[in-house]
Amino acid sequence: MENAEVVRDWRGRSYLIGPVPRDRTRMLWLALAAMAAISPLQYGFAALLAGDAPGLFLLAACLLCQAAGALPAIQLVRRGRLSVRATLTIGAALSTIGLLTIALTGGPTAAAASAWPGGSIGTGPALLLGYAVLGGLGAGIVYGVCSEVVSSWYPERPAAQVSLVTGAFGYGAVPMLVWAGPAPGATPTAFLVAAVFAVAAIGAAARALRLAPHRWWPDTVEPRSHALDAAILRRNPVAVKQFGLAQALRTRALPALAVILACAGAVSLFDVIAVAATGSWAALAVMVALNGAGRSLAVRCSELFGRRRVLATVLTVLAAGQVLLLAALQAGQPLLWPGVIAAGLGGGAFYPLVASLVREFFGVERVGEIHAVVHSAKAVAGVAAVALALLSLTAPATALLVAAALAALPALATLRLRAPGLPATIPV
């Protein structure tokens, strides 16, 4: 890289100091648009199902494939086997196929009915392949690569910028819900428009996004002073060393973070399905919007009060949302909105906080690959969310109580998370 110099901080980490590219901000916003484009594959489909049982299995399969797509994509890009452009082009094509499959089969509910044994249209294999497998893989590729690119260009504040981008994955489905929710007949058209937007947004991202040079650091921030900032070290201490993927897999922290993400992710997705079943599309749109917007807010709070403390608070808010939704189920609409707000704020904020803890526990050298392993717990979350949704068809109160427990138990465990490599005598 031209005009770059290498310096080391007090921990021995080296930094390649270089000028900030003029298109760094543009890359950030293009990655955000690409994330918004894949949101209908998860949140749009889940919300418009309205509790349809056959469609829940398609959703679970999509989430399994989404979780499976991120890590291989990151590894191929990081090792230079595929360029960012080629990888995102593949992600664009697969995501578009997924959205078009739903549009051409009549929307989530009609598509699911046709996929169920005995369905009249007989498009089950096409839906499983087109939406769940190809669409899920495409969403995973776009999510993983966009997150990796943004974190590489914002090493001084990766959590804040990545949370801004991944937040779009939450609220990107809001326009579809506002449009197609009250008018089910418009659902196929909405997914068709989403497919066109996916081609444009992810295609534009593919042309512009690229990884920063290895260990790049902006020349606008002095890295040694940043590494010695007492406030940062106190609230969010850095990793004791740079862990490799194999080393991280042998620690206790990595499975603990995966369990937290699986439990909270299941509750978050279940809430979308549960609120959609109430028929209040305004409440659903607000919840999905808060699911995305709450991510940036949580990261900013964690920079003031510490990641683990804020993550425990977020999970507690998510658990409280389940209790409030249960009260709304029994007492009526007045309690629906508090439940929606709590479930929305807690239902997305844990994602960037877990990602931040991965970076602070295991270092930045292999953070993309290690986080992709943790993020793969989303496959378990999808299956658990479908199980909760199926339970809610016959016992909604029980499903909400189980969801509250799934959010509350990790909240209690979060405060006991310990960075790998620290002596046991050092307080958490």
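Helix α13 covers residues 281-305, and its axis packs against that of α15 at about 45°, with the two axes 6 Å apart. This is a predicted model, in which local features need pLDDT of at least 70 and side-chain atom pairs count only at pLDDT 80 or more, while totals for chains, interfaces and linings use all residues. Residues are numbered from 1 along each chain as its sequence is written, and side-chain values use heavy atoms, with hydrogens and water left out.

**Helix pair α13 and α15**

- Helix α13 passes α15 in a right-handed crossing. A crossing is right-handed if the near helix is turned clockwise from the far one by less than a right angle, and left-handed if anticlockwise.
- The residues of this contact divide into 17 nonpolar, six polar and one charged. Ala, Val, Leu, Ile, Met, Phe, Trp, Tyr, Cys and Pro count as nonpolar, Asp, Glu, Lys and Arg as charged, and the others, Gly among them, as polar.
- Axes are lines fitted to C-alpha atoms, for helices over the stretch in contact, and angles run from 0 to 180 degrees between N-to-C directions.
- Helices (H or I, at least four residues) and strands (E, at least two) are DSSP runs, numbered from the N terminus.

**Helix pair α15 and α16**

- Helix α15 spans residues 336-362 and α16 spans residues 367-375. Their axes are 10 Å apart, at an angle of about 135°.
- These two helices are therefore oblique to each other. The crossing of α15 past α16 is right-handed.
- From α15, the contact uses Tyr351, Val354, Ala355, Val358, Arg359 and Phe362. From α16, it uses Val367, Ile370, His371, Val374 and His375. Contact means heavy atoms within 4.5 Å.
- By class, the contact of α15 with α16 holds eight nonpolar, two polar and one charged residues.

**Helix pair α12 and α14**

- Helix α12 (residues 253-276) and helix α14 (residues 307-331) cross at roughly 35°, and their axes come within 11 Å.
- The crossing of α12 and α14 is left-handed.
- On α12, the contact residues are Ile260, Ala264, Val267, Phe270, Asp271 and Val275. On α14, they are Leu315, Leu318, Gln322 and Leu325.
- The contact of α12 with α14 has eight nonpolar, one polar and one charged residues.

**Buried residues in helices**

- Alanine 407 sits in helix α18, residues 396-414. Alanine 407 counts as buried, at 0% relative accessibility. Buried means under 20% relative accessible area, exposed over 50%, and partly exposed in between (1.4 Å probe, protein chains only).
- Not counting residues up to four places away in sequence, alanine 407 touches Val267, Leu315, Leu318 and Ala319. Alanine 407 and leucine 318 are 89 residues apart in sequence, and 6.3 Å apart in space, C-alpha to C-alpha.
- Leucine 269 lies in helix α12. Leucine 269 is buried, with a relative accessible area of 4%.
- Leaving aside neighbours within four places in sequence, leucine 269 is in contact with Gln42, Ala46, Leu59, Leu63, Gly382 and Ala385.
- Alanine 190 belongs to helix α8. Alanine 190 is buried, at a relative accessible area of 4%. Neighbours within four places in sequence aside, alanine 190 is in contact with Met176, Trp179 and Ala180.

**Side chains that reach the backbone**

- Serine 95 is found in helix α3. Serine 95 counts as buried, at 0% relative accessibility.
- The serine 95 side chain reaches the backbone oxygen of glycine 91 at 2.8 Å.
- Threonine 105 is in the loop between α3 (84-104) and α4 (108-115). Threonine 105 counts as buried, at 16% relative accessibility.
- The threonine 105 side chain reaches the backbone oxygen of threonine 101 at 2.6 Å.

**A loop residue with positive phi**

- Arginine 215 is found in the loop between α8 (187-208) and β3 (216-218). Arginine 215 is not a glycine, yet it has a positive phi of about 65°.
- Arginine 215 counts as partly exposed, at 36% relative accessibility.

Methods: Angles under 35 degrees count as roughly parallel, over 145 as roughly antiparallel, 65 to 115 as roughly perpendicular and the rest as oblique. A polar contact is a pair of N or O atoms within 3.5 Å; within protein, one must be able to donate a hydrogen and the other to accept it, and residues adjacent in sequence count only if both atoms are side-chain atoms.
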